[in-house]
Amino acid sequence: MKRLGPRLEEKAARTGLWALTLITVGVLLFIIFYILRRGLPVLSLEFLTTNPMDMGKSGGIFSTVVGTVALSVLAIVIAAPFGVGTAIYLTEYTWGGPLTRIIRFGAECLAGIPSIIFGLFGFILFVTKLKFGWSILSGGLTLAFMLLPTIIRTSEEAIKSVPPAYRLVSFSLGSTKWQTVTRVVLPSALPGIVTGIVLSIGRSIGETAATIFTAGSALRMPTSLFSSTRTMSVHFYILAREGISMPKAYGTAAILIIAILGINILTYYLMNRFIKKYS
Amino acid sequence: MAIIEVRDLDFYYGKFQALRKISLDIEKNRITALIGPSGCGKTTFLRSLNRMTDLIDDVRVTGTVLIDGEDIYRPGIDLLDLRKKVGMVFQRPNPFPLSVYDNVVYGLRVHGLRDPRALEARLTRSLEAVHLWDELKDRLDDNALRLSGEQQQRLCIARLIAVEPEILLMDEPCSALDLAATANIEDLMAELKKRYTILIVTHNMQQAARVSDVAGYFLLGELVEIGETRRIFTAPKDSRTEDYITGRFG
């Protein structure tokens, strides 16, 4: 084949890449608009603030919103300290020896496990063995396990991006490791860590497989950590799967999409601030 | 009186020996320049004096280092106190991304000083000592990263002397600065030696000749020669020192 020559090649590449980008963005926008077009007409304040009735055929989705928020909050409250603590330990307190590598490798493997496996694990351990039943507690713990690798990973990256000079200076002034971590490293790494945590919130809100096994699918308003509850994504799944009400399903999906978009935009904003600060 | 006494110091990174049988005495209130080609152990030696080398994995040290008569490699020594006493200025100005105020009082807070008035007093004194007070007294809340390179390096020195060290280790403190700033920092060093003992690593032989009282020549991990700067530069005893000084080597 005859070569095109650099100028023509450049033009072809530009057009090709442009087309690829256009298709990607197009598909994304199509999905969002498709769901919003069907979901938005259903949305109203009432839809958000009344409980589902007749298995979700009528009424709103209030109890599932509460259930989703409860699960996500519990998951983050557990996963964030464990994840950030592990990340601090791995980056600041070890020399990167075999143990560190094993922990890091383990965390990465954990990240690759399909969420339904986490669901099964949570079902066996929390729901049956520990007798928490289908509950916010079981679901939150399971989600926490699922989020840990992401939080460890993003926190580690954020901590590693703190210039080593800050640590050197801090130690050279006679600080302990912990003082250095809390006064210099964490404040600098915080936006990155928060970004990771916010992304994890997004993931936990959208998670279905891990929660349907562990939190159950009760439509009643949850009253305690031991109540079974149904998350929005599980609600959507059941409404659509069992053909209960497609409009309500799309309404739920629209809320989910809006919530996750909102969270991603927030993350993007935080990320930008983080980058600006260190360039 | 010697404030630092080093005897037969060997230093290893894993299997690599970075320092070989270093022995020297350093007098109080003098500026000692460590000269020599890159990678010959000057920075390692400097960092071994406040045990910043502990931050690197797999290092081994033999021999003794006495500071104020105390063996700093004896088991159970308090590294935090050691580093408070033996402080460091780095090659690149490296203020924390905090305000001028928070930078200067960082070390004080770390060592438990809380009283705002005491912090303020030390802040003023430290900034005055590095001639930054008049420039910065109205900008104490500014982020230190917005200062010029020279101001940043002065600020780093102020941050260090705020914790009242006895010894200042300076690792090429002017290499990231322009000529005018370098001259200013050198003047500052001459003033600071009245109160502190200074060791400076430098690649700039003119700088060593200008600022130091004593100069030591490091080559391949050995201290080839150490003595009065004027003598080292005019009548070196070792031919290797002469080769380096006259520019035939290095």
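Helix 7 of chain A, which covers residues 164-172, has A:V169, A:S170, A:F171 and A:S172 as its buried residues, where a residue is buried if 20 or more other C-beta atoms lie within 10 Å of its own, exposed if 12 or fewer, and partly exposed in between, with C-beta atoms placed from the backbone. Helices (H or I, at least four residues) and strands (E, at least two) are DSSP runs, numbered from the N terminus. The structure is a predicted model, in which local features need pLDDT of at least 70 and side-chain atom pairs count only at pLDDT 80 or more, whereas totals for chains, interfaces and linings use all residues. Residues are numbered from 1 along each chain as its sequence is written, while chains are lettered from A and ligands numbered from 1 in the order in which they are written.

The cover over the buried residues of helix 7 of chain A includes helix 8 (177-206) of chain A, and it also includes helix 2 (79-85) and strand 6 (86-89) of chain B. Just after helix 7 of chain A, the residue A:G174 adopts a positive phi of about 95 degrees.

Chain A as a whole contains 11 helices and two strands, which follow the pattern α-α-β-β-α-α-α-α-α-α-α-α-α when read along the sequence. The C-alpha trace of chain A spans about 65 × 65 × 35 Å along its principal axes, and buried residues make up 42% of the 279 residues in the chain. Among contacts in chain A between residues at least 6 apart in sequence, 74% join residues at least 24 apart.

Chain A is divided into domain 1 (6-42) and domain 2 (45-277), with bounds that come from an automatic or database domain assignment. The centres of these two domains of chain A, taken over C-alpha atoms, are separated by 29 Å. Seven residues of domain 1 of chain A are in contact with eight residues of domain 2 of chain A, and the residues on the domain 1 side of this contact divide into five nonpolar, one polar and one charged.

Chain B has 10 helices and 10 strands, and its C-alpha trace spans about 55 × 45 × 35 Å along the principal axes. The radius of gyration of chain B is 18 Å, which agrees with the value near 18 Å that a compact globule of 250 residues would have; the radius is taken over C-alpha atoms, and the globule rule is 2.2 Å times the number of residues to the power 0.38. Of the 250 residues in chain B, buried residues make up 44%, and among contacts in chain B between residues at least 6 apart in sequence, 68% join residues at least 24 apart.

Six strands of chain B form an open sheet of mixed pairing in the order 6-7-8-3-9-10, where two strands pair if DSSP finds at least two bridges between them. The edge strands, each of which pairs on one side only, are strand 6 and strand 10 (222-228) of chain B. The twist averages 20 degrees from one strand to the next, with axes being lines fitted to C-alpha atoms, for helices over the stretch in contact, and angles running from 0 to 180 degrees between N-to-C directions. Within the sheet, strand 3 (residues 31-35) and strand 9 (residues 214-219) of chain B run parallel and are joined by four bridges, and B:I35 stands opposite B:Y217 in strand 9 of chain B.

Most residues other than glycine have a negative phi. In strand 1 (residues 2-13) of chain B lies B:D8, a residue other than glycine whose phi is positive, near 50 degrees, and B:D8 counts as exposed because it has 11 C-beta neighbours inside 10 Å. In strand 2 (residues 16-27) of chain B is found B:K21, which has a positive phi of about 40 degrees although it is not a glycine, and B:K21 counts as partly exposed because it has 14 C-beta neighbours inside 10 Å.

Methods:
Contact = placed C-beta atoms within 7 Å. Nonpolar A, V, L, I, M, F, W, Y, C, P; charged D, E, K, R; others polar.
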